[in-house]
Amino acid sequence: MIWHPYTILKGQPDPLKVVRAKGEFLYDEKGNSYIDAVSSWWISIHGHNHPYIIEKVKESISNLDHVLLAGYTNVNAELLAEKLIQLNQNVFKAVFYSDNGSCAIDIAIKMATQYFQNRGETKKEKILHFSHCYHGDTIGAMSVAGKSTFNASFKNLLFHSPEFPSPDCNNCPIGKNPSSCKEECLAPLEEYLAANSDTTAAIIIEPLIQGAEGMKFYKKEILSKLRSLCDKYNMLLILDEIFTGFGRTAKNFAYEHASIKPDFITLAKGLTGGVMPLAATLVSERIYEGFYSEDANKAFYHGHTMTGNPSACAAGLASLELYEREDRLNDVIRLEAELKERMSLLKQKHGERMINDRTLGAVCAFELEGKSDYLNPISKKIKAYSLERGVMIRPLGNTVYVAPPYTISQSSLGKIFEVIEGIILNV
């Protein structure tokens with residue numbers, strides 16, 4: 001029996017058994033098709049089962065299944081690291097592999113604290129976070145997340161991490177207009193740093209879109225100001241690009257909108273186009289130099305058995321080759337225009353029921369009336385309504401969102417918005 005994640009065990013409908021997938025479509029055992037409007041948790045950027053990625057994984061695994069990465073290496077891991085650094089315009093010096101986004105976050109947190117220990121600044125160990133952020137489900141990742149359903153049962157296990165109000169330019173926590181504000185929502189953070197910078201190592205945030213906590217958007221100036229605060233108070237900037245990386249916001253990486261250079265970014269989801277589990281933590285030269293020593297006590301003691309798996313890295317290389325060769329970024333720019341147009345038409349017809357409609361890159365979202373809570377029961381009704389009509393939508397409480405593969409057809413996008421209109425009218 002499978003214990004499914006994020007799922008009540010009693011009284012749930014049987015899960016849909018998916019037997020194959022192609023492009024934006026999933027197929028069940030009865031041959032019914034479903035449009036994947038959320039890229040299966042935001043990973044299938046090229047659509048499902050892209051033949052080129054599958055071919056490269058088969059080719060890799062027929063030559064080398066796996067080799068440990070400590071003291072050994074493999075060609076695919078080396079090539080992918082080079083490619084990731086190149087795609088980031090050499091902002092980063094090195095790539096540390098893991099196999100899921102939560103672990104990539106843990107790695108960044110541990111590196112940030114050890115960086116200051118290696119420099120003899122042993123008091124600088126606190127990691128700051130924002131109230132509506134989600135970074136994964138390990139103890140470390142939950143510790144730097146906002147208080148939510150995801151971590152409520154484990155609050156006594158988490159390490160202390162000071163929390164600050166999340167920026168949210170569609171529902172400003174202090175009632176400002178984002179077009180004229182001066183990022184006053186960061187005032188509590190600035191006040192804290194003025195008194196506590198000697199104990200602060202880093203701050204972590206999802207750049208521009210805080211995903212799992214309700215697709216909350218904020219403007220690029222927030223990132224610029226965070227970079228300035230990090231420089232002023234000698235702390236590190238960790239950006240969780242697990243959702244936003246690889247074109248999701250119409251830039252290769254969301255931090256590029258603000259023209260800043262983070263100290264860390266974490267990557268997963270779109271990294272292999274959804275074919276293999278793989279994650280990476282990219283670090284700046286400053287961080288790398290903080291560990292560059294013959295002193296064994298300054299080494300980073302963290303690893304995963306399948307770190308740098310050759311087949312997973314082959315999937316990552318093939319995905320990035322497709323991303324560039326088939327110009328996925330341009331696909332996202334076209335998709336963003338289509339999403340904005342379709343959201344605008346919905347707004348004209350049903351604006352009274354759509355709250356805070358918003359679009360950035362290959363993501364659009366709005367709220368229905370009701371409590372903004374992940375456990376809002378309306379989400380079950382939305383999932384059931386859309387699945388009955390051949391579309392897989394997975395709302396976040398009363399937040400309805402679309403984050404499709406970048407290659408989705410116009411006809412499938414039209415079907416998704418037909419179903420969304422039905423949700424607005426009938427659910």
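The crossing of helix α3 and helix α9 is left-handed, a term used when the near helix is turned anticlockwise from the far one by less than a right angle, whereas clockwise would be right-handed. This report describes that packing and several other features of a predicted model, in which local features need pLDDT of at least 70 and side-chain atom pairs count only at pLDDT 80 or more, while totals for chains, interfaces and linings use all residues. Residues are numbered from 1 along each chain as its sequence is written, and side-chain values use heavy atoms, with hydrogens and water left out.

## The chain as a whole

The chain contains twelve helices and 16 strands. These elements are DSSP runs, numbered from the N terminus: helices are H or I runs of at least four residues, and strands are E runs of at least two. The radius of gyration is 21 Å, close to the 22 Å that the globule rule gives for 427 residues, so the chain is as compact as a globular protein of that length. That radius is taken over C-alpha atoms, and the rule is 2.2 Å times the number of residues to the power 0.38. The C-alpha trace spans about 60 × 60 × 45 Å along its principal axes.

Of the 427 residues, 54% count as buried. Buried means under 20% relative accessible area, exposed means over 50%, and partly exposed lies in between, with a 1.4 Å probe and protein chains only. Among contacts in the chain with a separation of 6 or more, 72% are accounted for by residues 24 or more positions apart; a contact means heavy atoms within 4.5 Å.

Two packed helices are described by the angle between their axes and the distance between the axes. Here the axes are lines fitted to C-alpha atoms, for helices over the stretch in contact, and angles run from 0 to 180 degrees between N-to-C directions.

| Helix pair | Residues | Axis angle | Axis distance |
|---|---|---|---|
| α3 and α9 | 75–87 and 310–325 | roughly 35 degrees | within 8 Å |
| α6 and α7 | 187–196 and 220–232 | about 5 degrees | 11 Å |
| α11 and α12 | 378–388 and 410–426 | roughly 135 degrees | within 10 Å |

In the pair α3 and α9, residues N76, A77, L79, L80, K83, L84 and L87 of α3 meet P310, C313, A314, G316, L317, L320 and E324 of α9. By class, these residues divide into ten nonpolar, two polar and two charged. Ala, Val, Leu, Ile, Met, Phe, Trp, Tyr, Cys and Pro count as nonpolar, Asp, Glu, Lys and Arg as charged, and the others, Gly among them, as polar.

Helices α6 and α7 are roughly parallel to each other. Angles under 35 degrees count as roughly parallel, over 145 as roughly antiparallel, 65 to 115 as roughly perpendicular and the rest as oblique. L189, E190 and L193 in α6 meet K225, L226 and L229 in α7. That contact has four nonpolar, no polar and two charged residues.

The axes of α11 and α12 cross at roughly 135 degrees, which makes α11 oblique to α12. Their crossing is right-handed. The contact is made by I382, Y385 and S386 of α11 and V419, G422, I423 and N426 of α12. It has four nonpolar, three polar and no charged residues.

## Individual residues

Most residues other than glycine have a negative phi. W41, although not a glycine, has a positive phi of about 65 degrees. W41 lies in helix α1 (residues 39–42) and is partly exposed, with a relative accessible area of 38%. N49 also has a positive phi, near 55 degrees. N49 lies in the loop between α1 and α2, and at 48% relative accessibility N49 counts as partly exposed.

E59 belongs to helix α2 and is partly exposed, at 42%. The C-alpha atoms of E59 and S311 are 252 residues apart along the chain and are separated by 8.5 Å.

A315, in helix α9, is buried, with 0% relative accessibility. Leaving aside residues up to four places away in sequence, A315 touches I53, V57, T272, V275 and M276. A315 and E55 are 260 residues apart in sequence, and their C-alpha atoms are 9.1 Å apart in space.

S179, in the loop between β6 and α6, counts as exposed at 68% relative accessibility.
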